[in-house]
Amino acid sequence: MQDRNLIGGEWRTAHSRETFPVHDAATGELLANVPRCGASEAKDAIDAATAALRGWSGVSPTERAVFLTSIAQALRERRTQLAEIITAECGKPLDEAQGEVDYGADYFLSAADEANRLQSETIKSRRPDRAMIAIPEPVGVVAAITPWNFPLAMLARKTAPALAVGCTQVVKPAELTPLTALAYGQLLIDVGLPAGVVNVITGDPAVIGQAWLGDGRVRKLSFTGSTAVGRLLMKLAADQVVRLSLELGGHAPFIVFSDADIPTAVAAAVNGKFRVAGQTCVCPNRFIVANEVYDEFVSKFAASASSLKIGRGRDAGVRVGPLIDDRAVTRIRNQIQDAVARGATIVTGGTTVPVEGCLDRFFAPTVLANATSDMLCFREETFGPLAPVATFQTEAQAIEIANATPYGLASYVFSSDSARIERITRQLNYGIVGVNTGVISDAYAPFGGRGWSGFGREGGRWGIEEYISWKYVCASVNA
Ligand code: SIN
């Protein structure tokens, strides 16, 4: 397992030789010690990315597309090995981890398509004495700070478009899951990506983030993580006027109308809610169900949730792994306690369950009935396997409850009436709407939010746009 940092094509320790431990999310067992880098290594990484910029941005988009395609291929070839690392450090079930590697590979394939399409555009002038073109140039050296819940796919989502456009990159993975990122760095070296094009360092997020945003040579930062950290980064980015993409918290509503196909809605609720043990920004957080089908939905949802196998991600058939840390367990306990005190009923779950040889971090999929908007779980993102279900009478009420949040990432609607779906989709104040599905992630689509969920899009041509600095050239032509 790679346990050093990648700077300028070399594997390095921290200057101080200090390290920090990385643990197995299920057992707490030590997996490795990785460098505790700070400001000076952050600067080394920028130096390397800056030195590589001229060369990489000079490679033709078609050639860059060939690199991107071989990265996708290498990811698929190392699927098993990478998935095992993801499962060990982040805890998710092995088949979800394998799906994550495929998801990551898709970002490279999508970016390769876009690299092949990159070209200058001629602008039709209204004046005969002018010729105008727009040239897509790379933003420059870009930074990525990635989360622990998708240790590979979020890196791929940020590296692939940057490389497609000709940017070079400095990357800092989450402290809880750096080993996937280091294995990914090794893969990039193995496919022959030139030294310094992508640099991966591990360490203190505040120190590294500050060093990158204060340097002046880093021209963009893409961050996936909490809204609180996103706000901080916005402030730090102001001095050097660094461009940002922020994918922050979510608080997704999941609306089920009385005309919905209930088995479909239940299957989608289970798949969407309990993926990564509920620890994704797009997991449904608030279930809002028409009163005519409320009892049926709640009982079928609870039955299905309680049948999910809980255990270590590496064990066969497991659908729900551990939560990432003890704070996550406490947060869910607090939300349940608050909800019950305000009148909610626990239909299934509500506690952690013991798993032999493991930490007490396995929370049973929990369904709460009689949820209301005043409950903590209806006001704050849960990031765990807790599903509170409220009811509504009218379409207007459903929309009002769904939109009563400053967050605006994902939302879900279930109905068999196409006119209603169209109406509701228009009114939902969210960047993403899932219609009769609970899983919306796709590397070819514009992933991103509104309001407190951040701004910028990742995936497809929209993701590429974030790394382009358009140069407009206006030439005088003798009429
Ligand atoms: C996230 O939780 O930040 C990403 C979820 C996804 O891409 O599916």
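Predicted model: local features only at pLDDT ≥ 70, side-chain atom pairs only at ≥ 80, totals over all residues.
Me: In which order do the strands of the open sheet lie, and is the pairing parallel or antiparallel?

Reply: A sheet is read strand by strand. Here three strands follow the order β5-β6-β22, with antiparallel pairing. The edges are β5 (121–123) and β22 (468–476), each of which pairs on one side only. On average, neighbouring strands of this sheet are turned by 25° against each other, direction ignored.

Me: How many bridges join β6 and β22?

Reply: Strand β6, residues 130–138, pairs with β22 over nine bridges in the antiparallel sense. Met132 stands opposite Cys474 in β22.

Me: Which residues touch the most other members of the largest nonpolar core?

Reply: In soluble globular proteins, nonpolar side chains tend to be buried together. The largest such core in this model has 131 residues, and Leu75, Phe108, Phe254, Val256, Phe297, Phe301 and Val389 touch the most other members. Domain 1 (5–248 + 453–474) and domain 2 (252–443) each supply at least three residues to this core. Beyond its neighbours within four places in sequence, Leu75 is in contact with residues including Leu82, Val101, Phe108 and Tyr184. A second, separate core has 25 residues, among them Ala14, Cys37, Leu213 and Phe223.

Me: Why does Ser222 count as buried?

Reply: Burial is judged by relative accessibility, with under 20% counting as buried. Ser222 counts as buried because its relative accessibility is 1%. Ser222 lies in strand β10 (residues 218–224), and its side chain makes a polar contact with the side chain of Lys158 at 3.0 Å. Leaving out residues up to four places away in sequence, Ser222 also touches Ala143, Ser245, Glu458 and Tyr467, among others.

Key. Residues numbered from 1 in each chain as written. Heavy atoms only, no water. Pairing = 2+ DSSP bridges. Helix = DSSP H or I, 4+ residues; strand = E, 2+ residues; numbered from the N terminus. Axes fitted to C-alpha atoms, helices over the stretch in contact; angles between N-to-C directions. Core = buried A, V, L, I, M, F, W, Y, C linked by side-chain atoms within 4.5 Å. Buried < 20%, exposed > 50% of the residue type's maximum accessible area, 1.4 Å probe, protein only. Domains from an automatic or database assignment. Contact = heavy atoms within 4.5 Å. Polar contact = N/O pair within 3.5 Å; in protein donor to acceptor, adjacent residues only side chain to side chain.
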